[in-house]
Amino acid sequence: MVAPPVIVTRAEPGASETAERLARLGFRAISSPMLVLKELDDVAPDLSDVSNLIFTSANGVRFFMQAMGGMTAQLAGLTAWGVGPATNAAIQEAGFGLHVEGDGNAEDLAAMILKSDPDSGGFLHVANSAAAGDLVRRLREGGRMARFQALYETVPAAHLAAKAQQAIQAPDDCIVLIHSAKGAAAFLSAVDKISLETSILIAISEAAAAPLSDAGAKRLLHAERPNEDALMAALDKARQEL
């Protein structure tokens, strides 16, 4: 059986990385990013009283390193905490020597930090502007010095790529990968008044799937763990069940 086309909705550069992985797995990938990443103007990371950096996405690592102008002696002495496999890979690529690897979501990472040495110093969570809140709040409630700094924002795309819209409107099945709740909301806005009756939506997490519950899709699934490997496993399962 020929695999259905797979629409990739995550922002670049991740969309291209996922598309390449899908091609290696024998899928026809269609890139249609639903979010665009934009660097915030005149924002420089404030590392005063910081001994630990928290990253909850690979994009956070990229924008941070760009803002810092690359690895420095100061950064080399900080501990970088990564939320999951993709983020951890970006941390390693950036050259951090002190690195603690998580394998879940932001809530899991906060719990891991709270179990660490309470005298490990201050924490800075670097992410996009929409990510401020729960993680830092939880750390503060646990007695840690923690603050948040946004270096970039995510802006919803105005519409689907033409090939993605054609695949969704075709009579045959197509699969749509969703990488975040905000991406799910942007996707729903882009497909307004377009039927999803032949579309199988696969989200990277339960939270990312939640906005899609009433989308009218043929099926809605989510990965067992919030990472790319688990998303690919859910995709493979969906293909086998067609």
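Let's start with helix H1, residues 14-24; helices here are DSSP runs of H or I with at least four residues, strands are runs of E with at least two, and both are numbered from the N terminus. Which residues of H1 are buried? They are Gly14, Ala15, Thr18, Ala19 and Leu22, where buried means under 20% relative accessible area, exposed means over 50%, and partly exposed is in between (1.4 Å probe, protein chains only). These residues cover an arc of only 135° around the axis, so they sit on the same side of H1. That arc is taken from the directions that run from the helix axis to the C-beta atoms.

Before we go on, keep in mind that this is a predicted model, in which local features need pLDDT of at least 70 and side-chain atom pairs count only at pLDDT 80 or more, while totals for chains, interfaces and linings use all residues. Residues are numbered from 1 along each chain as its sequence is written, and side-chain values use heavy atoms, with hydrogens and water left out.

So what covers the buried residues of H1? The cover includes strand E1, strand E2 (29-31), strand E9 (174-178) and helix H10 (228-240), with contact meaning heavy atoms within 4.5 Å.

Now look at either end of H1. In the loop between strand E1 (6-8) and H1 you'll find Pro13, and the peptide bond leading from Glu12 to Pro13 is cis, with omega near 5°. After H1 comes Gly26, with a positive phi near 95°.

Next, the strands. Strand E8 (residues 146-156) runs antiparallel to strand E3 (residues 35-39), and 5 bridges join them; two strands count as paired if DSSP finds at least two bridges between them. Within this pair, Leu35 stands opposite Pro156 in E8. E8 also pairs with strand E7 (residues 122-128), this time in the parallel sense, over 6 bridges. Here Phe123 is opposite Ala146 in E8.

Finally, follow the chain into the loop between E3 and strand E4 (50-55), where Asp42 has its place. Most residues other than glycine have a negative phi, and most peptide bonds are trans. Asp42, though, has a positive phi, near 55°. Is Asp42 buried or exposed? It's exposed, with a relative accessible area of 83%. Asp49 is also placed in the loop between E3 and E4, and its phi is positive too, near 65°. Asp49 is exposed as well, at a relative accessible area of 68%.
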